[in-house]
Amino acid sequence: MNKIVLITGATAGFGEACAYKFAENGYNLILNGRRNERLELLKEKLQKLFNVNIHLLPFDVRNKEQVFTSLEQVPQEWRSTDVLVNNAGLALGRDLIQEGDIEDWDTMIDTNVKGLLYVTRAVVPWMIENKKGHIINLGSIAGKEVYERGNVYCASKFAVDALTKSMRIDLLEHQIKVTSINPGAAETEFSLVRFKGNEEASKKIYEGYTPLTAKDVAEVVYYVTTLPQHVCVNELSITSTQQASAVYFNKKS
Ligand code: NDP
Ligand code: 8X3
């Protein structure tokens, strides 16, 4: 029987790359994101390429009611979910704390922290019942060290780090694995979202060095699921070889 992975934020970037990687390896997929047309297109492509089954869950992870209603309606045969990739997330703005936009703060905290909690709360009981499961949270190096103008985004990813550690302890008795993957700069739609559609500002972030790609991150996410049941990777930080921390880069002038 095929294994099942549930990926949040699968319409772009890491989530989409993970969908390809898991499908390529024979997983059936439960895919979430807000942009339903992208989900439908992805479903069509992956089914054609890899002949896997796909169940779509187009909801906003910030919407508590949508999250719990949609997940309650997931058919029984899809609930033997082996892997949950809590990936949906975003940064908005790069303001100093004294100039921060309160709505941006709310959106980041609601998505990166509360959304991740809602989805986890709904899916973990399935894993407990099935006596198996692996939760993979997309943290960030921004959840390991803060940088100027990173404030609330960093705080949201520090929260993901704390939650990953707490989940591992709380779920220990159920032998559910919990891993955080903490990438550095990766070229996805992330910066375009952060800079609210400003392509010039977004491109600048990746100038002068080779950033990670979504595929690089998906390889690592998939890798941690391939280890024997008694082995749990607790956390992995990964950066471009030209990035040593949130602020130190080896850029070609
Ligand atoms: P992208 O912007 O490329 O993709 C983000 C995904 O999250 C999209 O599929 C988007 O789908 C989804 N998403 C955003 N908000 C919501 C929401 N409210 N409900 C459901 N889905 C949502 O970014 P990345 O792939 O780069 O980022 C993925 C994760 O990795 C994030 O948690 C990010 O913080 C983290 N990260 C990114 C790094 C980078 O440099 N790129 C580095 C370290 C961590 P839709 O808009 O359709 O809802
Ligand atoms: C995204 C990486 O360095 O922009 O989490 O915070 S960074």
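This is a predicted model: local features need pLDDT of at least 70, side-chain atom pairs count only at pLDDT 80 or more; totals for chains, interfaces and linings use all residues.
Residues are numbered from 1 along each chain as its sequence is written, chains are lettered from A and ligands numbered from 1 in the order in which they are written, and side-chain values use heavy atoms, with hydrogens and water left out.

**Figure 1. The whole chain.**
The chain has 8 helices and 9 strands; helices (H or I, at least four residues) and strands (E, at least two) are DSSP runs, numbered from the N terminus. Its C-alpha atoms fill a box of roughly 50 × 40 × 35 Å along the principal axes. The radius of gyration is 18 Å, which agrees with the value near 18 Å for a compact globule of 253 residues. That radius is taken over C-alpha atoms, and the globule rule is 2.2 Å times the number of residues to the power 0.38. Of the 253 residues, 51% are buried. Buried means under 20% relative accessible area, exposed over 50%, and partly exposed in between (1.4 Å probe, protein chains only). Among contacts (heavy atoms within 4.5 Å) between residues at least 6 apart in sequence, 71% join residues at least 24 apart. There are 29 positive and 31 negative side chains, and the centres of the two sets lie 4 Å apart. Lys and Arg count as positive and Asp and Glu as negative, without His and the chain ends; the place of a charge is NZ of Lys, CZ of Arg, CG of Asp or CD of Glu.

Helix H1 covers residues 13–24, 12 residues in total. From first C-alpha to last it reaches 17 Å, close to the 16 Å expected at 1.5 Å a residue; the expected span is 1.5 Å times one less than the number of residues. H1 is mostly covered, with 9 of its 12 residues buried. Among them are Phe14, Cys18, Lys21 and Phe22. Gly26, which follows H1, has a positive phi near 85°.

**Figure 2. Helix H5 and its cover.**
The 20 residues of H5 should span 28 Å at 1.5 Å a residue, and its end C-alpha atoms are 28 Å apart, which agrees. Buried residues of H5 include Tyr153, Lys157, Asp161, Leu163, Met167 and Arg168. Their cover includes helix H4 (102–130), strand S5 (134–138), strand S6 (177–183), helix H6 (190–194) and strand S9 (235–238). Ala159 is found in H5 (residues 151–170) and counts as partly exposed at 22% relative accessibility. Ala159 and Gly93 are 66 residues apart in sequence, and their C-alpha atoms are 19 Å apart.

**Figure 3. The loop between S5 and H5.**
Ser140 is placed in this loop and is buried, with a relative accessible area of 7%. Leaving aside neighbours within four places in sequence, Ser140 is in contact with Tyr153, Lys157, Ile181, Asn182 and Pro183. Tyr147 lies in the loop between S5 and H5 and is buried at 12%. Not counting residues up to four places away, Tyr147 touches Arg94, Ala142, Tyr153, Cys154, Arg194, Ala246 and Val247. Tyr147 and Val247 are 100 residues apart in sequence and 7.1 Å apart in space, C-alpha to C-alpha. Arg149 is found in the loop between S5 and H5 and counts as partly exposed at 35% relative accessibility.

Most residues other than glycine have a negative phi. Arg149 has a positive phi of about 70° although it is not a glycine. Gln175, also not a glycine, has a positive phi of about 60°; its place is in the loop between H5 and S6.

**Figure 4. Gly115 in helix H4.**
Gly115 is found in helix H4 and counts as buried at 0% relative accessibility. Not counting residues up to four places away in sequence, Gly115 touches Val61 and Asp110. Gly115 and Asn53 are 62 residues apart along the chain, and their C-alpha atoms are separated by 25 Å.
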